[in-house]
Amino acid sequence: MPDRIKSRTEQTVDGTPGRSAPFSPYQRGVASVGRPVASGPDTLVEPPRGQRQIMVPRPPLRYRISRLRRGGEWTAIGALVAFVSWGIWVISLRGGNLTIPILAFVLVLLVGAGVFALSRLLGRVVLERSLGRARRTAWPSHLVTGVFLAAAGVAYLGQTDWVVDAWTWLRALG
């Protein structure tokens with residue numbers, strides 16, 4: 001019988017054929033498993049009694065920023081809808097001082113940033129702390145922010161007389 005097809009009981013610890021393996025705490029293919037390590041930024045792992053606490057390092061800044069960018073298309077689309085709608089609204093004002101409309105749009109963008117931060121915080125509390133699940137991307141927060149910005153754009157269009165008249169006319173056709 002060739003050496004490679006002999007059973008494991010006919011091999012010694014080092015894998016050579018011959019007598020059966022003596023008792024050993026080492027078992028091939030079996031990993032020794034210690035206590036589970038908690039994950040997350042700056043997580044303190046509870047040490048055995050009498051030892052120091054171990055601080056798990058945070059991921060590098062570049063990695064954290066790339067995680068925040070994932071899903072940013074949703075925010076970009078919402079911002080584009082808000083900007084185009086704001087532009088149509090400003091054009092319909094026909095002159096005048098543009099300071100107030102520009103400040104209004106900047107305020108909408110700042111509130112959008114706050115919506116993003118609030119949804120990230122909510123995700124951290126619910127997903128990471130309560131459910132113990134790691135977040136690998138920020139697309140849900142970007143989606144919420146994009147929906148908010150698109151709704152703000154629709155609100156700008158709702159204040160434009162000729163857009164409202166055109167919408168009313170289209171609805172009357174159907």
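Visitor: A nonpolar core is a set of buried Ala, Val, Leu, Ile, Met, Phe, Trp, Tyr and Cys residues joined through side-chain atoms within 4.5 Å. Which residues make up the largest one here?

Guide: Ala-82, Trp-86, Trp-89, Val-90, Phe-105, Val-108, Leu-149, Ala-152 and Tyr-156, nine residues in all. Buried means under 20% relative accessible area, exposed over 50%, partly exposed in between (1.4 Å probe, protein chains only).

Visitor: What should I know about the model?

Guide: It is predicted: local features need pLDDT of at least 70, side-chain atom pairs count only at pLDDT 80 or more, and totals for chains, interfaces and linings use all residues. Residues are numbered from 1 along each chain as its sequence is written, and side-chain values use heavy atoms, with hydrogens and water left out.

Visitor: Which elements give two or more residues to the largest core?

Guide: To that nine-residue core, α2, α3 and α4 each give two or more. α2 gives the most, with four residues. Helices here are DSSP runs (H or I, at least four residues), as are strands (E, at least two), numbered from the N terminus.

Visitor: Take Ala-82. What is it in contact with?

Guide: Leaving aside neighbours within four places in sequence, Ala-82 contacts Phe-105, Leu-149, Gly-153 and Tyr-156. Contact means heavy atoms within 4.5 Å.

Visitor: On to α4. Which of its residues are buried?

Guide: Ser-141, His-142, Thr-145, Gly-146, Leu-149, Ala-152, Gly-153 and Tyr-156. Down the axis of α4, the buried residues fall within an arc of 130°, so they line one face of the helix. The arc is that of the directions from the helix axis to the C-beta atoms.

Visitor: What covers them?

Guide: The cover includes α1 (61–69), α2 (72–92) and α3 (99–130). On the face of α4 turned away from the buried side sit Val-147 and Val-154, both exposed.

Visitor: Is His-142 buried or exposed?

Guide: Buried, at 9% relative accessible area. Beyond its neighbours within four places in sequence, His-142 has contacts including Leu-68, Arg-69, Trp-74 and Phe-116.

Visitor: New topic. How many aromatic pairs are there?

Guide: Four. Rings of Phe, Tyr and Trp (its six-membered ring) pair if their centres lie within 6.5 Å; planes under 30 degrees apart count as stacked, over 60 as edge-to-face and the rest as tilted. Phe-83, Trp-86 and Phe-105 form one aromatic cluster.

Visitor: And α5, how many of its 13 residues are buried?

Guide: One, so α5 is hardly covered.
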